[in-house]
2 protein chains.
Amino acid sequence: MSEHVTTAPKVAPRANSDLYRAVSSNRMSEAIVDQIRGLIRSEQLRPGDRLPSERDLGERMGVSRVTIREAMRVLEASGLIEIKVGARGGAVVTTPSSTKIGTGLADLISLSPLTASEVTEARQVFEVGIIPIVVERATDDDIAELRNMVATHQAALRNGEYGMAMSAAFHVRVAACTHNAAIEMLVHSFHGPLLMSLREAQVAAPLMGHRGTNEHRDFVEAVATRDVARAEEIMRTHLGRTARRVARVQATREREAKS
Amino acid sequence: MSEHVTTAPKVAPRANSDLYRAVSSNRMSEAIVDQIRGLIRSEQLRPGDRLPSERDLGERMGVSRVTIREAMRVLEASGLIEIKVGARGGAVVTTPSSTKIGTGLADLISLSPLTASEVTEARQVFEVGIIPIVVERATDDDIAELRNMVATHQAALRNGEYGMAMSAAFHVRVAACTHNAAIEMLVHSFHGPLLMSLREAQVAAPLMGHRGTNEHRDFVEAVATRDVARAEEIMRTHLGRTARRVARVQATREREAKS
DNA sequence: GTGGACTAGTGGTCTGATATTTAGACTCTA
DNA sequence: TAGAGTCTAAATATCAGACCACTAGTCCAC
């Protein structure tokens, strides 16, 4: 709570205090991680570049191989490099992709103490908020693909193959209509942990399939006619139902957990 | 692009294909990471619990200490454990905090191939979108603290101490008024990479300080009077100006890069 | 009481070795 | 000559055992 800038107005400006993350940690390996991360961030190392071998790095930096290895583990865990074994193997700087970042983000979220309701609400805000942009920027190709998607999903629904994943794919595709990678990535990552928390909910509400896909269809048509208000309205009720379902499942779980 | 479900409608549903992340990597250390991560996820290890010492773990799992250490590095890097040295030190499962996750998330974003404009637009959508929730749920305490914050910032401005960090703190505090950890976390993480890309922009437009803090003040009053429309309007223009500034800086940079 | 030395436990690092994997060169045969 | 098989070198993965630095307690002398 006492983390806000305002709580200590008179002292020297602590303003950007959280820019400097705990530097302590006089760990060699950490210093190496920072150094290499800096090289990547400043683009002196570019995606696809190979790092020297562990032995080589160790010699150059004056540390043992073990230390280098620990640094490599950290860099690998944060998705900055990939490591292959064998001849011509070694660490290469990864080509960052939004989907990769999205999954990393989803990992973080799924391990977080957030409740499903909270994530759902955030998702609602965001997915409804982007609709003006979606309507404005959706190309004919975008709309064609969305229509195609809806048709496929409705067919799948009749075969009993419609699932949360398809619904998620639809929402991500809608986000892609903004042609903004950041937005697409965020929506994408929302649907990772949500899938997990909704898997059971689907069983409890199988009707959602029909209503859901119909709403998807109506939504696409609203976008096609550039009707922002209608598109927003549809999406709002669509997501609202999801939110209620999540809340219900969550409540049930908590009741069970208590007993 | 060919990653959407619809592109391969007839084959067996690859739908949830990205739920199973590349399992390969027959690395001992990776197996250990998975095991411990599983223990944490299934709550057999709870925040605050201490893991056995490295030597101990090594014995129990039949691997050497180096291997354990690499696993620890990975777990530490993904924010699951914290490691202290010295007597009674060791690895403890971290109490996950949204701010910690937020910074991790910000790290991810800042290393991503997203442009500042994209992130800014996403931020705009989100921060404007939450306003109805903010207005609805802001408590008297919330509003009092926001007012206090604005006063402090205006004082700082007069002393020439007002910076991006303070502005960021304000926006995060506004998000906190939703009393939704997911939303607060997202906004918080938005302001990490944005700070970096805006540092220069501030120099170019020093006037922003006065207008910015005045808008902050007006915004708080709009929330206090539960005037959603006005609050949205203020925030929209406030963020719109930021967006334009980011775009301008970005354009300048690209022009420089070309020469 | 209180400050300071002592101690045991823990992570951090080093050394030097073996095992395993893999790309590429090389060889042998049909 | 083409293709299959083999060999080799380079790289990571892992091990075992050692030593250092740090830290929370404990205990003792003043």
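How many of the 13 residues of helix 8 of chain A are buried? The answer is 12, so this helix is largely enclosed by the rest of the structure. The close-up views described below are all taken from a predicted model.

**View 1. Helix 8 of chain A and its buried residues.** Helix 8 of chain A covers residues 164-176. The buried residues are A:Met164, A:Met166, A:Ser167, A:Ala168, A:Ala169, A:Phe170, A:His171, A:Val172, A:Arg173, A:Val174, A:Ala175 and A:Ala176.

View 2. Most residues other than glycine have a negative phi. A:His179, although not a glycine, has a positive phi of about 55°. This residue counts as partly exposed because 15 C-beta neighbours lie inside 10 Å.

**View 3. The surface near DNA strand C.** Of the 24 residues around DNA strand C, those that come nearest are A:Met28, A:Ser64, A:Gly86, A:Ala87 and B:Gly90. At least two residues of this surface are supplied by each of helix 1 (28-41) and helix 3 (65-77) of chain A, and by each of helix 2 (54-61) and strand 2 (90-93) of chain B. Helix 3 of chain A gives the most, with 4 residues. By class, the surface near DNA strand C divides into 9 nonpolar, 8 polar and 7 charged residues.

**View 4. A:Thr67 in helix 3 of chain A.** A:Thr67 is part of helix 3 of chain A. With 20 C-beta neighbours inside 10 Å, A:Thr67 counts as buried. Apart from neighbours within four places in sequence, its contacts are with A:Met28, A:Ser29 and A:Ile32. Between A:Thr67 and A:Thr115 there are 48 residues of sequence separation, and the two C-alpha atoms are 38 Å apart in space.

**View 5. The surface near DNA strand D.** The residues B:Met28, B:Val63, B:Thr67, B:Gly86 and B:Ala87 come nearest among the 22 around DNA strand D. In chain A, helix 2 (54-61) and strand 2 (90-93) each supply at least two residues of this surface, as do helix 1 (28-41) and helix 3 (65-77) in chain B. The surface near DNA strand D has 9 nonpolar, 8 polar and 5 charged residues.

**View 6. Helix 1 of chain B and the face formed by its buried residues.** The 14 residues of helix 1 of chain B should span 20 Å at 1.5 Å a residue, and the end C-alpha atoms are 20 Å apart, in agreement. Its buried residues are B:Ser29, B:Ile32, B:Val33, B:Ile36 and B:Ile40. Seen down the helix axis, these buried residues fall within an arc of 100°, so they line one face of helix 1 of chain B. They pack against helix 2, helix 3 and strand 2 of chain B. On the other side of the helix, B:Gln35, B:Gly38 and B:Arg41 are exposed.

View 7. B:Glu43 lies in the loop between helix 1 and helix 2 of chain B. Although B:Glu43 is not a glycine, its phi is positive, at about 65°. B:Glu43 is exposed, because 8 other C-beta atoms lie within 10 Å.

Conventions. Residues numbered from 1 in each chain as written. Chains lettered and ligands numbered in written order. Predicted model: local features only at pLDDT ≥ 70, side-chain atom pairs only at ≥ 80, totals over all residues. Near = placed C-beta within 6 Å. Nonpolar A, V, L, I, M, F, W, Y, C, P; charged D, E, K, R; others polar. Expected span 1.5 Å × (residues − 1). Arc of directions from axis to C-beta. Contact = placed C-beta atoms within 7 Å.
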